[in-house]
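Visitor: I would like to learn how to read charged contacts, helices and pockets from a set of coordinates. Could you take me through one case?

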Amino acid sequence: MYSEKIIIANIAEFARREGWEPEYHTYEEVQQLIEDINKLVKIDYNSRGGVVELTRTITEKYKNEVKRKV
């Protein structure tokens, strides 16, 4: 088991460094986010890997919100 004291210190250090603090999300919220992202992107695979393309334009604000959740 991980030390709650160390986890809290690591989160505080991350928040200080990055300017925002991660927050808890339920399983259902995570599944909804996955669905939302899958509606926004198209992934094409080739011999070298995958290419991800947006299927529609999104705002910078929404992009940053999604980045923080993933």
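Visitor: Which residue meets Glu13 in a salt bridge, and what is the N to O distance?

Guide: Side chains of opposite charge can pair when their charged atoms come close. In this model, which is predicted, the side chains of Glu13 and Arg17 form such a salt bridge, with N to O at 3.9 Å, a value to be read against the cut-off of 4 Å.

Visitor: Why are Glu13 and Arg17 separated by about one helical turn?

Guide: Both belong to helix H1, residues 4-18, and because they are 4 residues apart in that helix, about one helical turn separates them. Glu13 has a relative accessibility of 35%, so it counts as partly exposed.

Visitor: With which other residue does Arg17 form a salt bridge?

Guide: Arg17 also pairs with Glu18, and here the closest N and O atoms are 3.3 Å apart. Glu18, at 43% relative accessibility, is likewise classed as partly exposed. These contacts belong to a network of salt bridges that links Glu13, Arg16, Arg17 and Glu18.

Visitor: How many salt bridges are there by this rule, and where does the one between Glu60 and Lys63 lie?

Guide: The count comes to 5 salt bridges. One of them joins the side chains of Glu60 and Lys63, at 3.8 Å from N to O, and both residues lie in helix H3, residues 60-69, where a spacing of 3 residues amounts to about one turn of the helix. Lys63 is partly exposed, its relative accessible area being 33%.

Visitor: Is Tyr27 buried or exposed, and how far from Phe14 is it in space?

Guide: Tyr27, found in helix H2, residues 27-40, counts as exposed at 59% relative accessibility. Although Tyr27 and Phe14 are 13 residues apart in sequence, their C-alpha atoms are 23 Å apart in space.

Visitor: Which residues line the largest pocket, and what is its volume?

Guide: The lining consists of Trp20, Glu21, Pro22, Glu23, His25, Glu65, Arg68 and Lys69, and the volume of this pocket is about 150 Å³. By residue class, the lining divides into 2 nonpolar, 1 polar and 5 charged residues.

How values were computed: Residues are numbered from 1 along each chain as its sequence is written. This is a predicted model: local features need pLDDT of at least 70, side-chain atom pairs count only at pLDDT 80 or more; totals for chains, interfaces and linings use all residues. Side-chain values use heavy atoms; hydrogens and water are left out. On a 1 Å grid over the protein atoms alone, a cavity is a set of points where a 1.4 Å probe fits but cannot get out, and a pocket is an open set with protein on both sides within 12 Å along at least five of seven lines; lining residues have an atom within 4 Å of a point. Grid points are joined across faces, edges and corners, and a volume is the space filled by probe spheres set on the points. Ala, Val, Leu, Ile, Met, Phe, Trp, Tyr, Cys and Pro count as nonpolar, Asp, Glu, Lys and Arg as charged, and the others, Gly among them, as polar. Helices (H or I, at least four residues) and strands (E, at least two) are DSSP runs, numbered from the N terminus. Buried means under 20% relative accessible area, exposed over 50%, partly exposed in between (1.4 Å probe, protein chains only).
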